[in-house]
Amino acid sequence: MTFLILSLSSALCALSITFCAVLVRIGVFSCRLVGVMFSSWRLKQKRRWFLRRARFWRQPEEAGSRRRKCSYKTAMSSSSSPASVQMDEVRQKARSVLSSSGSAQDVKADIQTMAAIALHVSEKYRHLPAETMLRENTENRPRPEVLESLGKLVKALSILEKYGCNLTSPTRPRYWRSVKHNNPVFRTTVDAIKGGRRVLFLYGYTNQQIDGLSFPEEVTEPNIETVAAVTLEVMTLRSEVDMLLKGTHPHPEPFSDIIPLIIQQNVPPKGSVVNGPADKEQEEKPQVPPPLAKPSPMPRTPPKPAAETCGICGTTAVHSQCPSCVKRLCLNCDRLFHSHPDRKGHSRTIVGPASRAPSLSQTSWDCSHCTTVNEMRAVLCTTCERPRLATAAVPDSSIPTSQNSEWQCKSCTVLNQGSSILCEVCERPRLATRPPVTPVLSSLQSEPNSAAKWTCQFCTFVNTQPSPTCEMCRLSCKDSAGVSLPQSLLQVSSSATAEPPPLGGRPKPKPRVGMDLKRQQMMKDDGLKLIQQIREAEKRGVSPEEVYAALCMCGGSNPCDWLTSELPHLLDEICAMAASVQLNYRAGNAGAEPAVERDVGNGGMKPSRAEAKLAWLAAGGDTDRAVRQLLRDRRVKMKELHSLGFLDVTRCEEALRQSGGQVKGALSLLQRPLVEPFHQHIWMDQPEPPIDPKHADKLRTCRRLLALYDLPSWGRCELVLSLLQEPDVTCSLEDVVHAVKQSHDRDFIRRLLINECPCCLSIFPHSKMQSLTSCQCSVCHECFGQHFTIAVRDKHIRDMVCPVCGEPDINDPEQLDSYFSTLDIQLRACLDSEVYDLFHKKLTEHALMKDPKFLWCCHCDSGFINDGNQLKVTCPSCRKSFCAQCKKPWEPQHQDVSCEEFQRWKRDNDPEYQRQGLAGYLRDNGINCPQCNFQYALTKGGCMHFSCSQCRYQFCSGCNNPYHKTACKTPRCTYNGLHAHHPRDCLFYLRDWDAPRLQQLLQRSGVDFNTDPSNGTQTDACGVMEQKDEAGQQVDSPCGVATQPGQAGLCDKHYREYLVSLVNDHTLDPAVLYDTGELVRACERYLGESARGDGEDDSVYGARLLKKILEVPLGEKVPRNK
């Protein structure tokens, strides 16, 4: 028991000691953690302080604002800040420059200035939604996709910048009004980003079309100020995004919330030290904060003289010099240029230290054409693809204007293709200037074999051996200056001049320069002679191959003459030799020849001259080779015909002879007998047997339908057969096929096959019905032709309307002209020639009536064109004269007197006119057609709907307004029947007034009127002439109604017409005598409203309606004969 207690106590003690040790370790770890956190906090504080001090030293002009602890966004958002003032000044200046010139090069410096100003995005870009565009193109994407999207955005903004510059340019492009979506450049740039079309909307392209955007039709010129402002912001945004991508933006803080991935990568985090471009190797090492001491200002070093740059890239200092290609290159260009296999053996001299290429993040170049900032290693601009050294201001006349034309390298004078940017030989840019030639002295002395090398001045070949002639052209070097000669040759020549050869010595052989020159001259003469012969032969239709072959046979004679005289005999000889060889071969190898070869070649060979000529030309004029070539060609052709199934050797030989050795021609001749039965079946005179829908062979019937009627599918053929086999179908096969071609729906096809003609009430298919363009009515062909034949022969041109509905409206001139233009095409096929000519004659007269010089004769029904200016005109038909203005018969008293004065004289002095009284007055002031100006000596009483007998124009005889058969274009008119719109002073309304009321209206205005007959005698019947309908014909006869006392010898109807004519002549308004009911009806008729106010009595209500009615003008077309 004691032992157990001791063991338990010892275990508890050990457990307590272990627990204490754990607590001690936890405490130590906590202390260390607190110490580390404190140290980290102090380190962060020190780094923040150091970063603020570093920014303070880098930007001393902003130290005051940073001491006052003003936030960056507050400083940027302040509208009165110096940055905002500077931005407004630069923006205004650049806008004025761009508005006047339209060139991006003129505002390049201002764009760089605006891009470098520290302002918030919303304040810098007032027109362009820059923040929205950046977010839409970069939001929720990984960093590689963000970089790619921003690159596309830069290219799209460059294209949009060009659109803006084109609009602001004084010389805008021809098609500036529209932007096409199918343009590949637009589709791959502007349409590839989000927000590109919104910029075009800001430019003014607001009209959406099928294939693109355009300016509205009412806009004639773009808003230059707005376009210039938007273009400047597009250029600024493109410059800022480009600098963000390259990490050269001076103030990337405004974009930290918009593009956090790019800004976090380019801007160092808080507490870190900004490294220069030369410290890239130390960026991965942990940064230690510098001592907290104010750095001393850096001492200014005097500027070093500009070092010589590389002859290819033009940016890096020269590292080596190559005497062979005469170039001074940097280290990178030297490695790249001399990596070519032809230049690997060049020895170079080191002339300077090896310098690394400048950093891509700090060094870049601006395109002088589109102002895009490109990387140093880029040879072409990433936006406009122009070379690096291209200039935009001064064009070079030596550069070809066309991109497809060749260009000559200024360094090595090699002609390159127009599409190439770099020279194919020296790999220098297209627009690079010629590099200066540096004399090479040290390198020549350093090379052991350099003294033996010299360059020929004729062929520029580098000779390696000291010889008096060039190894390539074999010409002697006559370099008087001795520049290209090697030193050994110079020494030999000098020694030869100083020491003459001994007298008794053996003379040295002369060089073979003269023989070579003679040989070259002979070759030149022969070549020129051959060219001359080829040119003469081409004029005579002889090919160069024939000339070359003839030169081998004609000797020294003219090859063209030899080809004309001797070649046919030679070709016959070649054909005979080939036939002889073939016969000998058949006789000697008849047993050993394979079966196929015997079949092919056992026949008597009869080659043609065309085959012999081709073989002779292929052999170059050699007769034996030509025979062998002819035999080989014929054997190949025979095998080809045999493989096609033609085994008769004799026929194959004859076919080849007739076709001139052409396999296709021979095949056509061999196949012709095989297809002769088919040709006879096609061209036979017997008619094709009709298709029987009930034929037992359904497949054969369907095949015939497909072949004859061009049905779209086999199913349509089966549908045709099934429809024709139905018992109630009476249509022909052609009608059913035509209906099946339009649809595959059986119900729709039945509707097409069953159509009732509204004229003859017969059933016809839709293909045999015809309709006009002015309506939806359809009639059969027979009724259509008969209706218009009768209308042309017996009726007026305006009666040629639809026989069912009477459309179109003949009182609408525009609708009538378009109707006649389409009707002419329809009538050409359905009318006889005589009827169609009559239709054209009437149509011509209808067009002549629209001429303002057209006149109707008042004595007969003829019309003519009056070209004179006199009042008296004579009708060419009846030879009677009348007045061209008042249309009255001409009298001598009308000479040199106006129509009004002549009418007044006739009323006062003519007894016949006085005897007729007011009846003559009404006749002379009768009805005039407002369409053709034909005058009728009739009164206006009776029916007001008058139809002109000359032009069929239907109008109201009281106000000359047209009558409409259907709905008209008058506002608030919903009537579809025959109607017209009459003014309130028209006879249509005033004829319902009694004579005392009309006399009261005239007396109210002081107008005199007659109540007694003019001759003083009262007649029993009214003698006014009017148009009457008797037995279906229009007849002019006296009125004949009994007269009443006090109505000037007229009936009540014509006396009221006389009073209304006085009302119209003096332009009197009848509304002054309206009662309340008439005022209400008039307001509803002309104004559409007659509401009565609350508590408004009759007098006030009537006065208000009368005031409204008086504002409505009287009839404009009402005849007013004053």
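Which residues form one aromatic cluster with Trp176? I found that Trp176, Tyr205 and Phe215 make up this cluster.

**Basis.** I worked on a predicted model, in which local features need pLDDT of at least 70, side-chain atom pairs count only at pLDDT 80 or more, and totals for chains, interfaces and linings use all residues. Residues are numbered from 1 along each chain as its sequence is written, and side-chain values use heavy atoms, with hydrogens and water left out.

**Aromatic pairs.** I paired rings of Phe, Tyr and Trp (its six-membered ring) if their centres lie within 6.5 Å, with planes under 30 degrees apart counted as stacked, over 60 as edge-to-face and the rest as tilted. The count came to 11 aromatic pairs. I then looked up tryptophan 993 and tyrosine 1074: their ring centres are 6.2 Å apart and their planes stand at 75°, so this pair is edge-to-face. Tryptophan 993 sits in the loop between α36 (987-990) and α37 (995-1004), and tyrosine 1074 in the loop between α38 (1052-1065) and α39 (1076-1086), so the pair ties together parts 81 residues apart in sequence. Helices here are DSSP runs (H or I, at least four residues), as are strands (E, at least two), numbered from the N terminus. Both tryptophan 993 and tyrosine 1074 are buried (under 20% relative accessible area; exposed is over 50%, partly exposed in between, with a 1.4 Å probe and protein chains only).

**Charges over rings.** I required NZ of Lys or CZ of Arg within 6 Å of the ring centre and within 35 degrees of the ring normal. Arginine 343 lies over the face of phenylalanine 337, at 4.0 Å from the ring centre. Arginine 1085 is placed over the face of tyrosine 989, at 4.4 Å from the ring centre.

**Salt bridges.** I counted a side-chain nitrogen of Lys or Arg within 4 Å of a carboxyl oxygen of Asp or Glu. The structure holds 29 of these salt bridges.

I examined glutamate 240 and lysine 124, whose side chains meet in a salt bridge at 3.4 Å, N to O. This pair links distant parts of the chain, with glutamate 240 in helix α11 (residues 224-246) and lysine 124 in helix α6 (residues 121-124), 116 residues apart. Glutamate 240 is buried at a relative accessible area of 1%, and lysine 124 is buried at 2%.

Next I took arginine 135 and glutamate 131, which form a salt bridge with their closest N and O atoms 3.2 Å apart. They are 4 residues apart in helix α7 (residues 130-138), and therefore separated by about one helical turn. Arginine 135 is partly exposed at 29% relative accessibility, as is glutamate 131 at 27%.

Arginine 984 lies in the loop between β24 (954-956) and α36, and aspartate 1069 in the loop between α38 and α39, so the pair ties together parts 85 residues apart in sequence. Arginine 984 counts as buried at 3% relative accessibility, and aspartate 1069 is buried at 16%. I also noted one network, in which salt bridges that share partners join Glu611, Arg634, Lys637 and Glu653.

**Helix α5.** In helix α5 (residues 108-116), I listed the buried residues as Lys108, Asp110, Ile111, Met114 and Ala115. They cover an arc of only 160° around the axis, which puts them on the same side of α5; the arc is that of the directions from the helix axis to the C-beta atoms.
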